[in-house]
6 protein chains.
Amino acid sequence: MRHDGRRVNQLRKIDIVKDFVIHPEGSVLITFGETKVICNASIEDRVPHFMRGEGKGWITAEYSMLPRATNQRTVRESSKGKISGRTMEIQRLIGRALRAVVDLKELGERTIWIDCDVIQADGGTRTASITGAFIAMTLALGKLVNGGKLKVLPITDYLAAVSVGVDKEHGEILDLNYIEDSSAQVDMNVIMTSQGNLVELQGTGEESTFTRQQLNSMLDLAEQGIQSLVEHQKEALGDLSLIVSENMKKQVGTK
Amino acid sequence: MRHDGRRVNQLRKIDIVKDFVIHPEGSVLITFGETKVICNASIEDRVPHFMRGEGKGWITAEYSMLPRATNQRTVRESSKGKISGRTMEIQRLIGRALRAVVDLKELGERTIWIDCDVIQADGGTRTASITGAFIAMTLALGKLVNGGKLKVLPITDYLAAVSVGVDKEHGEILDLNYIEDSSAQVDMNVIMTSQGNLVELQGTGEESTFTRQQLNSMLDLAEQGIQSLVEHQKEALGDLSLIVSENMKKQVGTK
Amino acid sequence: MRHDGRRVNQLRKIDIVKDFVIHPEGSVLITFGETKVICNASIEDRVPHFMRGEGKGWITAEYSMLPRATNQRTVRESSKGKISGRTMEIQRLIGRALRAVVDLKELGERTIWIDCDVIQADGGTRTASITGAFIAMTLALGKLVNGGKLKVLPITDYLAAVSVGVDKEHGEILDLNYIEDSSAQVDMNVIMTSQGNLVELQGTGEESTFTRQQLNSMLDLAEQGIQSLVEHQKEALGDLSLIVSENMKKQVGTK
Amino acid sequence: MRHDGRRVNQLRKIDIVKDFVIHPEGSVLITFGETKVICNASIEDRVPHFMRGEGKGWITAEYSMLPRATNQRTVRESSKGKISGRTMEIQRLIGRALRAVVDLKELGERTIWIDCDVIQADGGTRTASITGAFIAMTLALGKLVNGGKLKVLPITDYLAAVSVGVDKEHGEILDLNYIEDSSAQVDMNVIMTSQGNLVELQGTGEESTFTRQQLNSMLDLAEQGIQSLVEHQKEALGDLSLIVSENMKKQVGTK
Amino acid sequence: MRHDGRRVNQLRKIDIVKDFVIHPEGSVLITFGETKVICNASIEDRVPHFMRGEGKGWITAEYSMLPRATNQRTVRESSKGKISGRTMEIQRLIGRALRAVVDLKELGERTIWIDCDVIQADGGTRTASITGAFIAMTLALGKLVNGGKLKVLPITDYLAAVSVGVDKEHGEILDLNYIEDSSAQVDMNVIMTSQGNLVELQGTGEESTFTRQQLNSMLDLAEQGIQSLVEHQKEALGDLSLIVSENMKKQVGTK
Amino acid sequence: MRHDGRRVNQLRKIDIVKDFVIHPEGSVLITFGETKVICNASIEDRVPHFMRGEGKGWITAEYSMLPRATNQRTVRESSKGKISGRTMEIQRLIGRALRAVVDLKELGERTIWIDCDVIQADGGTRTASITGAFIAMTLALGKLVNGGKLKVLPITDYLAAVSVGVDKEHGEILDLNYIEDSSAQVDMNVIMTSQGNLVELQGTGEESTFTRQQLNSMLDLAEQGIQSLVEHQKEALGDLSLIVSENMKKQVGTK
């Protein structure tokens with residue numbers, strides 16, 4: 001039993017509130033335990049300068065934390081006048097991950113802007129962000145389909161993310177909260193599709209190392225977590241999830 | 001009747017959720033109609049460099065909007081690398097206003113950081129921010145008193161803010177939402193104490209002017225609105241409101 | 001009698017030097033006591049990007065102080081690499097105020113750049129800036145009329161600004177210098193037309209409050225000060241003042 | 001056979017020039033095929049502010065490319081005034097990786113600055129940087145030991161990095177050059193010790209995904225590459241490599 | 001005869017107004033023809049961090065132009081958020097030049113801040129700045145001597161600056177105005193002491209070259225100009241000039 | 001004999017490696033003693049915005065030092081977020097100097113980007129940069145001629161740069177290394193053509209002065225040094241040097 005009573009392979013309580021903010025095309029408040037992130041998706045009818053005329057769309061993400069999302073107040077990046085390396089890494093990761101399950105040609109020359117704003121942090125903000133951003137993005141694209149601007153929903157699979165790690169006491173564990181994350185020997189973020197394909201894998205031993213055996217145990221835990229998160233996503237998406245599932249079946253034939 | 005069915009002297013629906021975020025010393029989600037602001041107050045046990053050794057406290061505020069708080073996505077100030085003039089004006093205003101009802105000597109060499117983050121905007125974000133920040137700050141100071149770090153609650157009066165304006169169709173109106181604000185001939189923000197004293201007055205005729213008679217009508221409306229907002233504040237503060245009211249009585253004798 | 005021998009309703013010595021710098025289309029050195037500001041107006045034959053094609057003009061202002069305009073040397077904003085909140089507030093205020101007395105459609109797709117550079121400061125730099133900027137702008141527009149580029153002078157009224165405040169010893173006072181400003185309980189800047197219409201009102205009680213009665217007394221003082229400043233403006237403008245006065249008469253019929 | 005004649009499991013030609021620049025405590029020019037990186041290590045006798053008094057050392061890295069290291073000239077980050085997300089990711093990665101094989105307590109309150117400057121780029125600049133930085137760092141620490149400032153060389157194992165990927169034509173391949181990297185479906189950077197322990201794993205499917213089977217094949221290739229790179233490191237370090245090897249033996253007993 | 005009626009070896013009209021601004025320790029408005037620069041000197045009772053404890057003083061300079069000092073409005077460097085290369089060159093030059101005639105040990109651990117603000121530009125702004133800054137600095141140091149804070153005036157010689165150039169029509173000419181500067185084949189700034197010693201020489205052939213013979217002719221002109229400027233400086237300094245002259249005599253014995 | 005055994009009029013050992021980096025159109029590693037600079041020239045087929053349509057080319061330069069090019073590690077300008085005054089001066093100087101020997105009309109609407117990156121510094125980095133940049137630029141332009149994009153090589157003369165100075169012990173000396181530069185009373189950089197024409201002259205007495213006699217002695221030394229550097233350039237350029245020499249002969253007739 002971990003310090004908060006969870007088993008090593010147990011996710012924290014997951015909660016998803018759809019349409020949390022009224023203005024964005026897609027909006028979700030996602031909760032992983034005490035970690036809460038507002039994920040908003042906006043559609044812009046053009047692509048960045050360097051992609052014009054290619055007939056393809058683009059997905060870009062921004063990530064931020066409120067100063068008191070954390071226990072100690074952090075200085076705003078707007079006050080510092082620059083974005084930290086950590087923030088840049090996370091927002092590049094979110095965009096790259098989502099692009100793996102969107103058919104950018106079907107999207108057409110549009111940009112999807114993903115905004116992940118952490119209002120309360122307790123570890124796993126990047127995995128909650130990706131998991132929530134997938135829903136916000138799908139909701140926004142669903143509106144394009146309903147509005148007749150897109151013929152098909154250009155989503156090829158579900159996408160979710162979860163953290164795994166190696167803990168001194170419990171060995172490999174799933175979905176680390178802040179306390180676990182601070183003391184873990186190894187920290188790994190796994191982004192996967194519902195079919196178990198890896199989209200991104202980032203494992204780090206801060207002042208430590210890990211074996212391939214530990215890697216495999218962590219991946220096993222991650223697969224379980226991802227399956228569970230995808231179930232939550234399906235529930236939140238409702239009817240839209242039927243379209244995603246159909247898209248997946250079609251691909252089996254073509255890929 | 002205004003476009004949303006309100007009378008000229010009617011506030012929008014006000015809602016206040018206490019302890020919205022778990023980490024800050026004081027936290028409130030305040031709602032004026034469709035405008036929603038997270039107001040967090042943090043206490044730091046030191047003052048800025050230029051005030052050290054004076055035995056007085058300081059209050060400073062930061063204000064920000066999520067990119068999709070608005071109908072059109074706005075670029076993050078952290079991405080632009082600098083804070084806009086509008087943001088600076090608002091955060092200076094919030095800090096200055098709160099300092100008018102705090103006894104900074106009683107506060108001692110501490111800084112209160114106020115963070116107002118607009119998650120959804122529909123006009124009046126600065127007045128909602130000030131009204132909510134007062135509550136968050138009082139909650140945070142109440143914890144200091146309860147924890148024995150402060151002998152008295154250094155709040156001298158309630159403080160709330162509301163907008164008033166001159167509308168082409170309806171004349172002077174109270175608590176403008178975004179549509180009203182966009183077409184108003186005059187826009188004025190009034191910050192007052194519960195005793196009807198003015199703390200700050202900012203009236204602007206953008207490409208227009210206004211008479212002293214119009215000014216007086218707007219101030220009459222503002223006084224009504226402030227009284228109503230203070231009632232909401234008292235309710236949210238619960239027992240702490242008794243201490244504020246006692247503080248006010250004591251001052252009558254001394255001032 | 002105030003510390004410098006003035007009555008409570010008395011302006012400091014006002015002095016206006018036309019054509020102080022040779023290059024700008026309109027240039028004035030304005031003096032309020034020991035406060036000296038160079039106000040230059042430049043005309044650019046296009047408007048900012050966001051206004052193109054609307055057939056309207058724009059007025060924008062920049063404000064700065066020489067490092068030794070003040071008693072203690074201040075760091076240049078160019079060295080700090082960013083503009084302070086105070087500077088932004090003032091330059092937004094100057095631009096907004098001037099736009100209230102210019103017919104932007106008559107101006108056509110032109111931008112008027114106002115530069116207010118304080119070479120010596122002793123309180124009231126923003127009110128001196130606005131009062132001087134009105135003259136510099138009118139001189140510049142007068143040249144456009146004389147050069148046949150504009151059919152009519154697009155100025156609808158005189159515009160001047162003055163500070164008022166509440167002093168512990170003397171109560172409400174007009175046109176505060178630096179010493180008075182530093183110790184005032186309330187500080188208010190009033191921008192008015194020659195017809196007594198308010199353009200902007202910014203009253204602040206720093207760590208203090210003020211009553212509506214005090215507000216009214218301050219506005220009475222401000223009206224007197226504005227009338228006197230407008231007389232100085234008329235004298236400086238010479239023949240151009242006849243055109244402004246005619247413009248005002250015409251409006252009476254149309255407005 | 002790949003387009004440059006290599007087998008799928010073959011590294012490019014590796015070349016290491018010691019003491020390439022005279023001023024740094026440790027300096028190496030490392031070459032992976034046409035990729036050339038100057039790796040310099042500097043020792044500073046203090047740690048960053050946030051670590052003072054802990055009795056531990058710190059390792060930090062900076063990475064940059066000359067504008068014409070690439071085929072198209074890139075704009076300098078000093079000209080842009082900010083560091084790109086890519087650069088930040090790489091320099092954080094280099095520092096984190098090196099910290100995994102240094103005993104920071106043995107290092108004492110010192111900072112090792114690693115500078116990796118790419119003078120010619122053809123893919124794999126980050127893996128060449130890490131592999132070369134390990135040597136430069138060990139050379140610099142060797143000087144501390146020789147100079148009597150350190151009792152033991154605080155290096156616990158060899159550390160090298162290599163890229164692996166999935167190619168449409170050849171499947172899993174080792175040490176991708178620029179052309180291979182541009183068209184790869186999956187790109188993964190593996191950082192390992194000589195004992196086969198993972199320090200960092202970053203696998204990315206840009207607009208694609210990968211299976212756990214592919215992951216394992218890539219890791220097998222990486223292990224071979226790392227072994228070969230460590231041999232090059234040993235040769236470059238000469239006598240110092242004996243000390244590192246001894247350190248490794250001692251750990252077997254203690255860990 | 002040049003286009004403005006001057007001979008090739010003739011300075012423009014020089015005018016010096018002492019104590020132009022009231023706050024600085026030393027203040028001068030210097031005029032070279034239509035070029036006008038406010039030169040202010042401030043004394044700070046400490047030196048920059050890197051010089052503390054050496055018992056020596058420091059002199060640093062800042063230079064700026066009002067946006068409409070020029071015929072076309074220039075963008076403020078505070079708006080651009082960075083200082084141009086041209087401004088940096090000029091302010092480094094002013095500081096370096098002044099340091100050549102100040103005994104920094106006699107000055108003690110103080111910083112002299114020189115601010116040169118061009119309010120109207122017509123060529124030669126850097127030479128006017130240096131010539132005026134010398135006077136402002138000497139006035140400020142004179143106050144320190146009079147106030148008993150310094151025993152001796154730490155000025156070792158007069159210092160002035162003038163431009164010379166090669167003109168297509170008139171050959172070598174002295175003190176170029178803007179029109180001459182724009183079309184000159186060679187532009188050279190010469191900074192000299194009253195004794196004819198060179199402090200700084202910067203000659204540039206923009207898209208052109210010059211011979212050593214032309215260099216010598218230009219230096220002859222410059223020497224004449226410097227002598228004349230020093231006479232203006234002596235007149236402006238009044239009694240202080242006697243002390244400078246005495247300082248120069250003493251050095252003859254010691255150097 | 002100087003501290004490194006050289007005579008006062010002797011250059012350090014000069015070495016030039018052509019095609020040091022493979023990507024740029026022209027690339028050189030130039031060595032002056034222990035000073036080593038990579039000079040790369042890139043050709044872009046357009047000119048900056050402000051020059052379009054004039055039918056002329058442009059040359060611009062950037063200069064940087066690796067952090068450990070120096071004995072003490074220097075902070076990267078990309079980390080500081082701004083370019084120092086020293087760097088700006090040097091890169092403006094390099095560009096200006098090269099433009100003096102290029103026929104910009106013959107170049108056509110192209111930009112030559114010069115990148116000088118100091119990998120090891122021991123005094124004279126700017127003179128080595130200019131001398132090497134001339135070669136890199138000529139190599140790049142030679143490729144344009146060979147590729148048929150240019151009819152003639154638009155180089156009008158050789159261009160080299162060298163430092164001279166006044167040393168307390170040895171008087172006037174040529175090509176100062178770091179130790180000599182640090183203690184020199186006067187430091188002067190001379191940029192000349194092979195025909196002995198001056199392109200740029202920058203002499204500085206930091207906290208000191210110099211006479212015209214000293215200036216002439218320094219220029220005599222510089223001329224010798226330039227002649228020798230041009231011989232090295234000719235050797236490096238090989239056949240291209242024949243074309244430059246022919247260009248010079250043609251000019252004699254036309255100029």
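My entries below go from copies to sheets to helices.

**Ground rules**

I am working with a predicted model, where local features need pLDDT of at least 70, side-chain atom pairs count only at pLDDT 80 or more, and totals for chains, interfaces and linings use all residues. Residues are numbered from 1 along each chain as its sequence is written, chains are lettered from A and ligands numbered from 1 in the order in which they are written, and side-chain values use heavy atoms, with hydrogens and water left out.

**Entry 1: the copies**

Next I checked the surfaces, with contact meaning heavy atoms within 4.5 Å. Of the interface residues of chain D, 100% are also interface residues in chain A, so the copies meet through the same surface.

I then laid chain A on chain B, and again I got a turn of 180°, a shift of 0.0 Å along the axis and an RMSD of 0.0 Å. Here too the same surface serves both copies, as 100% of the contact residues of chain A recur in chain B.

Some pairs don't touch. Chain A and chain E have no contact, and their closest C-alpha atoms lie 12 Å apart. Chain B and chain F do not touch either, with nearest C-alpha atoms 12 Å apart.

**Entry 2: a sheet with strands from E and F**

Before the sheets, a note on names: helices (H or I, at least four residues) and strands (E, at least two) are DSSP runs, numbered from the N terminus. Two strands pair if DSSP finds at least two bridges between them.

I traced an open sheet of 8 strands in the order β7(E)-β6(E)-β8(E)-β9(E)-β9(F)-β8(F)-β6(F)-β7(F), with antiparallel pairing. Which strands sit at the edges? They are β7 (171–174) of chain E and β7 (171–174) of chain F, each pairing on one side only. From one strand to the next, the twist averages 20°.

Zooming in, I counted 8 bridges between the antiparallel strands β6 (residues 159–167) and β8 (residues 186–193) of chain E. E:Val166 stands opposite E:Val186 in β8(E).

For angles, axes are lines fitted to C-alpha atoms, for helices over the stretch in contact, and angles run from 0 to 180 degrees between N-to-C directions. Helix α2 (residues 85–99) of chain E lies across β6, β8 and β9 (198–204) of chain E together with β9 (198–204) of chain F, at about 150° to β9(E).

**Entry 3: a sheet within chain F**

Chain F has an open sheet of 5 strands, ordered β1-β2-β3-β5-β4, and its pairing is mixed. Its edges are β1 (14–18) and β4 (58–65), each with a single partner strand, so one side of each is left without a neighbour in the sheet. The twist averages 20° from one strand to the next.

I found 5 bridges joining β1(F) to β2 (residues 26–32), and these two run antiparallel. F:Ile14 has F:Phe32 as its bridge partner in β2(F).

Two helices lie across this sheet's strands. Helix α2 (residues 85–99) of chain F lies across β4 and β5 (111–120), at about 145° to β4(F). α4(F) lies across β1, β2, β3 (35–44), β4 and β5, at about 35° to β3(F).

**Entry 4: helices crossing in chain A**

The axes of α2 (residues 85–99) and α4 (residues 125–146) of chain A come within 10 Å and cross at roughly 40°. α2(A) and α4(A) are therefore oblique to each other; angles under 35 degrees count as roughly parallel, over 145 as roughly antiparallel, 65 to 115 as roughly perpendicular and the rest as oblique. The contact includes A:Ile90 and A:Leu93 of α2(A) and A:Ile130 and A:Phe134 of α4(A).

How values were computed
Least-squares fit on C-alpha atoms with pLDDT ≥ 70 in both.
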